[in-house]
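Hi,

Here's the structure I promised to pass on. Have a look at it first, and then read on for what turned up.

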Amino acid sequence: MSGPSKNTTPKASVRRRPGLFRTAWRFGRTKVGVALTALIVLIAVLGPFVAPYTPTEFVAKPYETGVDGALFGGDNLGRDVLTRFMWGGWTLLLLAGSAAAVGVAAGTVVGIIAGYRRGWVDDVLMRTNDVLLAFPQLIAALLVMSIIGPKVWLIVAVIAVSHMPRVARVIREATRKVIEQDYVKAAEAIGLPRWRIMTVEILPNVTSPLLVELGLRLTYSIGVVAVLGFLGMGLQPPTADWGLMINENRQGMAVQPWAVALPVTAIAVLTVGANLITDGLSRAAIGIDRGVEK
Amino acid sequence: MTENEHTENTDTGSAATGGAARSGEAVLVVDGLTVIGRPSDVEIISGVSITVKRGEILGLVGESGSGKTTLGLSLLAHCKRATEITGGQVRVGGQDLAGLDEKGVRRLRGRAVAYIPQSPASALNPALRLGVQLREALHDDSLSEQDVLGRVREVLREVALPDDDAFLRRYPHQLSGGQQQRVAIAMAFVGRPEVIVLDEPTTGLDVTTQAHVLETIRAMTRDYGTAGVYISHDMAVVADLADEIAVMYQGEVVERGRAAEVLSDPRHAYTRKLLLAVPLLRTSGHEEAEPEEEPLLRVSGLTAGYGRTKVLEGIDVSVSRGECVALLGESGSGKTTLSRSVAGLHHQFTGEVLFDGDRLATSSYRRTAAQRRRVQYVFQNPYEALNPRKRVREQILGPYRHLVGRPEDPDAVVAESLERAALPASYADRFPEQLSGGERQRVCIARAVATDPALLVCDEITSALDVSVQAEIVKLLHGLQEQGMALLFVTHNIALVSNIADRVAILNKGEIVEYGPVGQVMSAPEHEYTRALIADTPDFELSFPGAQERLGLAEEERAVEG
């Protein structure tokens with residue numbers, strides 16, 4: 001709400017200011033983003049249940065199009081493209097989602113501790129972060145994958161670790177602002193344990209940047225997981241996976257474009273959708289986290 | 001309400017020379033001014049009419065949210081974001097500002113109308129030297145470089161600041177708060193404006209500095225023949241300064257008249273409420289409190305600092321049960337450091353702090369649960385002291401659960417502490433953003449008294465609030481004290497101290513210069529610093545009939561609200 005309204009209402013208005021989600025929902029971009037993301041998520045989640053075949057069933061000749069019963073034809077081995085497309089989404093979403101969630105959670109913990117405890121704790125945590133930041137996300141992932149070998153948990157772990165320092169930096173700054181406020185000192189004065197102060201007093205007040213970070217990290221995760229799949233460092237054949245599909249079918253792109261176009265479009269739409277939501281959230285957060293109004 | 005007594009003003013340039021001679025002529029005429037807020041279209045000020053004569057000061061009084069700042073800004077034809085002037089005129093020296101375009105208005109700002117904001121620290125550009133800023137404020141192309149510099153030096157001398165080159169080369173951060181405000185005044189007067197708008201220019205200043213700044217403003221408006229509009233929520237300051245008073249309430253001028261008349265015979269109930277809210281400096285009639293054998297809190301030989309800087313030295317204070325001890329001092333005197341040391345929030349101190357016979361550790365974390373429960377702290381700024389994500393109920397129950405234990409009936413605990421802070425139990429479900437400043441501070445007090453403390457440390461708890469709200473909070477504290485609670489009341493307001501405290505310790509530059517029963521200190525101050533503080537407090541006396549019955553305040557409130 002803008003400045004003058006607080007002057008017009010001497011008796012404090014009893015209505016609450018709309019929260020982050022509701023403010024974000026007012027932007028058209030958020031609505032578009034939610035629609036796009038929901039579409040892809042729906043395909044990925046419901047796909048396996050409605051797919052006409054199993055993902056490893058041979059229904060056509062390699063790169064054959066115009067087959068009866070296979071709308072988008074066959075892939076490089078003659079499996080149904082539509083079926084594999086419907087099966088290949090949830091792995092990507094799951095990997096990207098869990099990588100983003102783990103990374104943001106770890107980054108939040110590190111950020112709040114570093115911001116609140118200051119001193120040597122802050123120094124150790126943040127300098128370690130700096131070291132991690134020095135590795136480019138994708139290169140680090142490729143390095144680890146090629147040494148240890150492509151494993152699902154490793155994909156999640158590597159992406160999460162690469163997110164952590166970036167999230168930690170943002171949350172640390174937000175924490176620094178919050179701990180200047182007197183309600184944190186009030187909690188210290190009554191001797192509330194430090195971990196309780198961090199979870200009860202600080203965490204709820206950094207949720208706005210936290211949600212924005214979550215959206216942003218999710219977008220990056222989708223990209224990295226897809227790229228790893230494409231480079232053969234992600235999920236291994238014969239699993240149906242969008243990244244893998246692009247890799248497997250790129251040689252036949254001229255004769256059978258669907259096998260590449262479908263996963264590429266899906267990833268693009270998902271990324272754009274997630275980005276639009278994040279954008280809406282961050283715009284709403286600017287209005288909300290102005291801190292105290294005087 | 002207004003009779004358009006505006007006379008055509010032909011000469012707009014040389015106000016300084018002929019001002020005194022032509023006093024009596026209206027320079028600023030505001031007629032039926034209406035400002036609305038977008039997009040709600042609520043009228044922030046509705047149909048306000050005021051007139052100010054040359055060389056006079058109009059005091060514009062009202063509480064926060066009454067629209068006084070919006071009115072002040074619209075006198076410069078400036079609107080805050082999402083506000084708009086929709087009706088009425090602002091005539092300065094015969095020219096209607098509201099009707100001019102942006103370019104025309106800009107030409108008149110600083111020359112015809114000037115503005116002195118509340119906080120000089122944020123009004124001055126920290127990156128520019130004072131000389132540059134002052135020259136900028138003059139923005140008159142017809143003058144030569146030499147004339148401009150001469151004028152700048154002249155105005156600096158008039159506000160009692162040095163006018164040498166070394167001073168002009170300084171940056172704002174190299175000045176004290178009072179000096180910064182003087183520079184802001186100089187900037188406003190450098191273009192010899194017809195009208196000057198002062199938006200609570202002394203709120204952030206100490207009484208001594210405030211007295212000097214007010215004196216400067218008074219003298220400058222007289223000498224220049226400028227019409228001044230002084231915006232404030234403090235009747236005492238306005239009574240001291242203004243020739244005419246306009247009282248604003250919810251966007252309307254509810255009372256307007258000569259200062260003496262308004263003060264001696266207030267017509268509107270709201271005006272009476274504002275007048276009654278001002279704490280009077282009581283220099284006599286204090287009852288002597290009997291000092292206890294073993295005080296509840298005894299601070300002896302306390303020395304505190306930040307890093308290598310010493311802020312407090314050799315402090316001895318004691319607070320008995322059911323007693324209110326005031327720590328009085330200006331900003332930077334170390335009074336907040338002292339109160340925070342008592343609360344266990346400031347750790348760097350040496351010396352002895354005994355509470356109920358036991359030594360208090362420097363950090364609250366090393367104190368026993370009982371000690372933390374029995375010493376509670378109320379913060380200065382209620383806008384920062386409540387977690388915005390928690391309902392009032394949780395704000396109160398959080399400390400209670402931690403210090404007392406899980407309550408059998410949480411609703412009763414919340415309702416009782418809210419009641420002790422004079423708030424209805426229905427407030428428990430609200431979030432801080434749904435409360436006004438005064439209500440927030442009451443919630444802070446409710447949170448503190450929920451655990452049934454023996455000592456309440458109040459750190460300037462009224463300084464962020466309007467005078468009228470302050471009176472209510474003080475009344476509340478009185479009630480708590482009568483229930484047996486000891487108060488350590490930190491403030492810079494000596495009038496407040498004379499009304500609430502039993503004993504007072506006067507802090508100056510980290511040392512206690514005077515300490516004793518409040519009656520003795522107020523009537524026969526021994527230290528010259530105390531004498532200066534008393535002398536610099538604005539003289540204010542209630543002179544209208546019925547003012548003596550200050551206890552009738554509660555009825556007045558209802559009359560205003562009803």
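Before anything else, one term: two residues are in contact if their C-beta atoms, placed from the backbone, lie within 7 Å. With that in hand, take the contacts in chain B with a separation of 6 or more: residues 24 or more positions apart account for 71% of them. Do keep in mind that this is a predicted model.

**Chain B overall**

Chain B has 22 helices and 20 strands. It runs to 562 residues, and 52% of those count as buried. The UniProt entry, which is unreviewed, puts the annotation "domain: ABC transporter" on residues 28-275 and 297-534 of chain B. Over residues 297-534, the chain is 37% helix and 26% strand, and the C-alpha atoms at the two ends are 28 Å apart.

**The six-stranded sheet**

Now find the open sheet in chain B with the strand order β16-β17-β18-β13-β19-β20, where the pairing is mixed. Its edge strands are β16 (375-378) and β20, each of which pairs on one side only. Going from one strand to the next, the twist averages 15°. Helix α17 (residues 437-449) of chain B packs on this sheet and touches β16 and β17 (455-459); the direction of α17 makes about 170° with that of β16(B).

Is strand β18 of chain B buried or exposed? A residue counts as buried if 20 or more other C-beta atoms lie within 10 Å of its own. Six of the six residues of β18(B), which spans 486-491, are buried, so this strand is largely enclosed by the rest of the structure. Ala486(B), Leu488(B) and Val490(B) point one way from the strand, while Leu487(B), Phe489(B) and Thr491(B) point the other way, and all are buried.

Strands β13 (residues 324-328) and β19 (residues 503-508) of chain B pair in the parallel sense over four bridges.

**A residue in an edge strand**

Next, go to Val513(B), which sits in strand β20 (residues 511-517). Val513(B) has 17 other C-beta atoms within 10 Å, so it counts as partly exposed. Which residues does Val513(B) contact, leaving aside its neighbours within four places in sequence? They are Ile506(B), Asn508(B), His527(B), Tyr529(B) and Thr530(B). Thr530(B) is 17 residues away from Val513(B) along the chain, and their C-alpha atoms are separated by 8.2 Å.

**A pair of helices**

Last stop: helices α5 (residues 130-138) and α6 (residues 145-158) of chain B. Their axes come within 10 Å and cross at roughly 110°. Because angles of 65 to 115 degrees count as roughly perpendicular, that is how α5(B) lies relative to α6(B). On the α5(B) side, Gly131(B), Leu134(B), Arg135(B) and Leu138(B) meet Val148(B), Arg151(B) and Val152(B) in α6(B). By class, this contact has four nonpolar, one polar and two charged residues.

Happy browsing!

How values were computed:
Residues are numbered from 1 along each chain as its sequence is written. Chains are lettered from A and ligands numbered from 1 in the order in which they are written. This is a predicted model: local features need pLDDT of at least 70, side-chain atom pairs count only at pLDDT 80 or more; totals for chains, interfaces and linings use all residues. Axes are lines fitted to C-alpha atoms, for helices over the stretch in contact, and angles run from 0 to 180 degrees between N-to-C directions. Angles under 35 degrees count as roughly parallel, over 145 as roughly antiparallel, 65 to 115 as roughly perpendicular and the rest as oblique. Ala, Val, Leu, Ile, Met, Phe, Trp, Tyr, Cys and Pro count as nonpolar, Asp, Glu, Lys and Arg as charged, and the others, Gly among them, as polar. A residue is buried if 20 or more other C-beta atoms lie within 10 Å of its own, exposed if 12 or fewer, and partly exposed in between; C-beta atoms are placed from the backbone. Two strands pair if DSSP finds at least two bridges between them. UniProt positions are given in the numbering used here, feature names are shortened, and annotations may be inferred rather than shown by experiment.
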